[in-house]
Amino acid sequence: EQPIFSTRAHVFQIDPNTKKNWVPTSKHAVTVSYFYDSTRNVYRIISLDGSKAIINSTITPNMTFTKTSQKFGQWADSRANTVYGLGFSSEHHLSKFAEKFQEFKEAARLAKEKSQEKMELTSTPSQESAGGDIQSPLTPESINGTDDERATPEVTQNSEPRAEPTQNALPFTHSSTISKHWEAELATLKGNNAKLTAALLESTANVKQWKQQLAAYQEEAERLHKRVTELECVSSQANAVHTHKTELNQTIQELESTLKKKEAEIEGLKQEIDNARELQAQRDSLTQKLQEVEIRNKDLEGQLSDLEQRLEKSQNEQEAFRNNLKTLLEILDGKIFELTELRDNLAKLIECS
């Protein structure tokens, strides 16, 4: 077998349990090929995932490839008792695969018709010969003719130069030899007749069996057509689910990327929180120190107030002392003036005396 057409697609099979959902049989796109088996004159669809055959489907005239979307198609294989689905990368690849499916399906139909014609041609002569033997049983007279008719050709055949027997012995000898020869021929023909009769009976039985199989195949084809119709409905739902699943996967990917960003932001916030805690500890320490400084400041303010009071008191005392000194100086000045006048008067008195 050699591949006559190949393409790449994602391979699915219908779920054998639910008969509704698609189960992917390949993790990625694989090669799907049409093969032609010249020995059996059949076309097959084969796909391998590594060393595992995930598709091995023989194309029959009853198969139908259905496009369920722009990039998805399916067909039912009654021999494998499953439904295969292919997801293509573009609508062009799907259309090309569907065209080849229809082409090879038609070729399979023609090959089947030719094989049926050969079988009919093979069985028809057997039936005719067997029927003739049954309707006209063979007898020595019908096959060989009368003794006179047999003697004439035998004499002709033995008319070559040879030693001649007597005239009375010649007819008897020839008649005995010819009789034995045709008796052997009769036995052979009877054996052939029996074989042909058996072949006719076998062919009749085979025809009945083929008719039964044909009726069973027709019933199976009708059932599969109904099943294909149901699966087309299910497939449309499955495609919608698949589309929704794809959208959900994209949403999940977006959410995962957003989650990673949020995790990075959370890490940054945690680091900022740690820094904030350190700053809070420093702030608490500074607040405590500030409180201590405020307490000391209050103490110093109290001391300052006391000193101010003491200073004010001292200033008042100094002012009073100054006032007293001024008073004393004034008194002293008056006394000095009086003493000066007294000195002057005493000096005058001394001069006068």
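Asp15 is buried (under 20% relative accessible area; exposed is over 50% and partly exposed in between, with a 1.4 Å probe and protein chains only), yet Asp15 has no salt bridge. Its nearest side chain of opposite charge, Lys19, is 7.9 Å away. A salt bridge here is a side-chain nitrogen of Lys or Arg within 4 Å of a carboxyl oxygen of Asp or Glu; for opposite charges, Lys and Arg count as positive and Asp and Glu as negative, while His and the chain ends are not counted.

This is a predicted model, in which local features need pLDDT of at least 70 and side-chain atom pairs count only at pLDDT 80 or more, while totals for chains, interfaces and linings use all residues. Residues are numbered from 1 along each chain as its sequence is written, and side-chain values use heavy atoms, leaving out hydrogens and water.

**Around Asp15**

- Asp15 sits in the loop between β1 and β2 (22-24); strands (E, at least two residues) and helices (H or I, at least four) are DSSP runs, numbered from the N terminus.
- Beyond its neighbours within four places in sequence, Asp15 contacts (heavy atoms within 4.5 Å) Lys20, Asn21 and Val23.

**Salt bridges**

- The count comes to six salt bridges.
- One of them joins Arg40 to Asp37, with the closest N and O atoms 3.1 Å apart; Arg40 is exposed at 52% relative accessible area, whereas Asp37 is buried at 11%.
- Arg109 pairs with Glu113, where the closest N and O atoms are 2.5 Å apart, and both lie in helix α1, four residues apart, about one turn of the helix.
- Lys262 and Glu265 form another salt bridge, at 3.8 Å between the closest N and O atoms, and both belong to helix α4 (residues 169-352).
- Shared partners link Glu106, Arg109 and Glu113 into one salt-bridge network.

- Tyr34 touches, among others, Pro3, Ile45, Phe97 and Phe104, not counting residues up to four places away in sequence.
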